[in-house]
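Below is a short walk through one protein structure, written for someone who has not looked at it before. Keep the sequence and the 3D view at hand while reading.

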Amino acid sequence: MDFVQNIPFFSILLSLFSGTVTSMVNGKWAKRINAFIITVIMAMSTVLLFYLLGTKESYTFMMGHFPAPWGNEIRAGVLEALMALFFCIIMLLSLVGGRGHLEREIAPSKQNLYYILINLLLSSLLALIYTNDLFTAYVFVEINTISACGLIMIRQNGHTFEAAVRYMIMSLLGSGLLLLGICILYDCTGHLLMSNIKSSIIMMAATGDYHIPLVVAIAFICVGLAIKSALFPFHSWLPNAYGYSTASSAAILSSLVSKGYIFLLIKICYRVIGWEVILSSKVIHILFLFGLCGMIMGSLSAISENDIRRMIAFSSVAQIGYIYMGIGLGTLEGMTASIYHILSHAATKSLLFIAAVGLTDTSGQSKKFIDLTGAAYRNKPAGIAFTVGALSMVGIPGFSGFISKLLFGTACIQNTPYKMLPTLICLGISTILNAIYFMKTVIRIYTPVKSPYDNMPVKKSFRYAGALVCFVILNIVLGMCSTPIVNMIQMGLKMFS
Amino acid sequence: MGFGPNLSVNYAEAVSMILFAIGFTNLLLQKNLIKKIIGLNIMDTATYLFLALKGYIQGRVAPIVVDGVQEVEAYINPIPGGLVLTGIVVSVSVSALMLSLTIRLYRRYHTLDLDEISTLLKKEEN
């Protein structure tokens, strides 16, 4: 076994371990340790990605000294390494971009607690990405939920407490269903490791045994993870949670936490239940339908919103609809488009949240559109970055959003007419709605008017501008050099089965 | 294939599913935060009941070696027990988190009704 193969295990453990270390130091050192650890994990994930691209095959890593049916396992392929690398980049940039706000909005005595939560969140995300054991996945889903709840409520006011309670209620409903689904699967198959469950399920599907429990378990797992990742009818907690928490939290929650669950769902579809069984169970048609509804309803809610942060939050609902629509198409192309959209949306949405915070800062902390008029002139980097994010979300060529829309379009054209027509219509309507609310905002922030905030001193921050530049570059790289990334995603999906 | 014979054999599993549904609806629909948390605990406990039922095999004993190692057939499967323990730890910690959030909200708004808290928040904003 190569030494490189230890990387997934090291990154999960390093992140957990740094959580304990940061609990003992003050805020400043916690910040440094945290940034260092994320950078180290980022570098290690890059090494792992190149190693896997070289060997062209995934591997499983035995935890402890017990072999397959008994012990716990970690598994790494190209897709997992790519996700881990990408999540680390987004997390680091979101933290750097929102650092000014973190220092202002969180009491100094609680600064280090924030970084503990970040470390826990990162380790749980990495574990969700790498684990090969369903029950481990469940435990880390709960750790993820608890730390995400902490990220929402660490900025202490009534709104965040209410948002945290609502978030917890929805999440707990989701994880209850997920746990029950996992238990039923375990009872039917007698295994907890993903590969063993899959071979049992293939046998069950061939003989027709336990058909009803299997469909019920698939439905419970899909619905549970859909609730947790805020698919359309279950998004009631989302606007407040993203709208009132501190900027870094909003960026991380929208671009990483919900994506972690979606990635777990994709992994369960391929690695646990098997793609053929999922297709024959027809559960993905429900996800497809809700995805389509989410694409339209999320955008409609965003148009009627009067608060910039809540508008971006509602846009997230629409984008999560896109991802579920791609999964629901039930083809390899649809899945590739969904995973590409996970990356593209993560890069764009965190950029928008961080840029929006710069705009509100120069408008007397008001998030109302009326006060934001002309804000792009007062804070130029934030204005440009917001425009880039908005163009990417709408799907202008050259930015990442265009590629994901293109992939979705090609995926649905290759599909059956029953799914092709509604998808194309919804894609079209949703793009127009996207354009309406994002262009409305861009025009407003570039309207030159006299405003009471014109003479307010703007604190220039190179850290903030640097983070925005990195985000913009990431977006353009995703938009311009999409072919190698799409190839990596397809290679990773092949490794799944 | 009818449901009759299956139901009479697996009636305990059916009970645990009904309990799960009761807990689920309570967590989703109750307005009172404390009742929601009680619903959460009923839901989680129902899952543990289900796991424990599936792990039990008629006529065998708990996998604790008392006098010398007996053959495997003497014991029940220990893994569901382990899963239940892990689940209990998780559910205790989320209950604690929910309760602490409830205390915070109660101190601020003097009510346990989540909808009322939302109305108060909207008033606070204007």
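The model is predicted. On the H5(A) side the contact includes Tyr114(A), Ile118(A), Leu121(A) and Leu125(A). The residues they and others in H5(A) meet include Ile252(A), Leu256(A), Gly260(A) and Phe263(A) of H11(A). By class, this contact has 13 nonpolar residues, 3 polar and 1 charged.

H11(A) also packs with helix H3, residues 78–97 of chain A; here the axes come within 9 Å and cross at roughly 170 degrees. An angle over 145 degrees counts as roughly antiparallel, and H3(A) and H11(A) are therefore roughly antiparallel to each other. H3(A) brings residues including Met83(A), Phe87(A), Ile90(A) and Leu95(A) to the contact. Among the residues of H11(A) that take part are Ala251(A), Ser255(A) and Lys259(A). The contact of H3(A) with H11(A) divides into 10 nonpolar, 4 polar and 3 charged residues.

Next comes helix H13, residues 283–303 of chain A. Its 21 residues reach 31 Å from the first C-alpha to the last, close to the 30 Å expected at 1.5 Å a residue. Buried residues of H13(A) include Val283(A), Leu287(A), Phe288(A), Gly291(A), Met295(A) and Ala302(A). Which helices cover the buried residues of H13(A)? H11 is one of them, and the cover also includes H9 (211–228), H12 (275–281), H14 (308–329) and H20 (417–445) of chain A.

Two single residues remain. Gly243(A) lies in helix H10, residues 238–244 of chain A. Is Gly243(A) buried or exposed? Gly243(A) has a relative accessible area of 0%, so it is buried. Apart from neighbours within four places in sequence, Gly243(A) is in contact with Arg309(A), Arg310(A) and Lys367(A). Lys367(A) is 124 residues away along the chain, yet the C-alpha atoms of Gly243(A) and Lys367(A) are separated by 9.3 Å.

Thr348(A) sits in helix H15, residues 332–361 of chain A. Thr348(A) is likewise buried, with a relative accessible area of 0%. Not counting residues up to four places away in sequence, Thr348(A) touches Gly389(A), Ser392(A), Met393(A), Ser400(A) and Asn475(A).

Terms used
Residues are numbered from 1 along each chain as its sequence is written. Chains are lettered from A and ligands numbered from 1 in the order in which they are written. This is a predicted model: local features need pLDDT of at least 70, side-chain atom pairs count only at pLDDT 80 or more; totals for chains, interfaces and linings use all residues. Side-chain values use heavy atoms; hydrogens and water are left out. Helices (H or I, at least four residues) and strands (E, at least two) are DSSP runs, numbered from the N terminus. Buried means under 20% relative accessible area, exposed over 50%, partly exposed in between (1.4 Å probe, protein chains only). Contact means heavy atoms within 4.5 Å. Ala, Val, Leu, Ile, Met, Phe, Trp, Tyr, Cys and Pro count as nonpolar, Asp, Glu, Lys and Arg as charged, and the others, Gly among them, as polar. The expected span of a helix is 1.5 Å times one less than its number of residues. Axes are lines fitted to C-alpha atoms, for helices over the stretch in contact, and angles run from 0 to 180 degrees between N-to-C directions. Angles under 35 degrees count as roughly parallel, over 145 as roughly antiparallel, 65 to 115 as roughly perpendicular and the rest as oblique.
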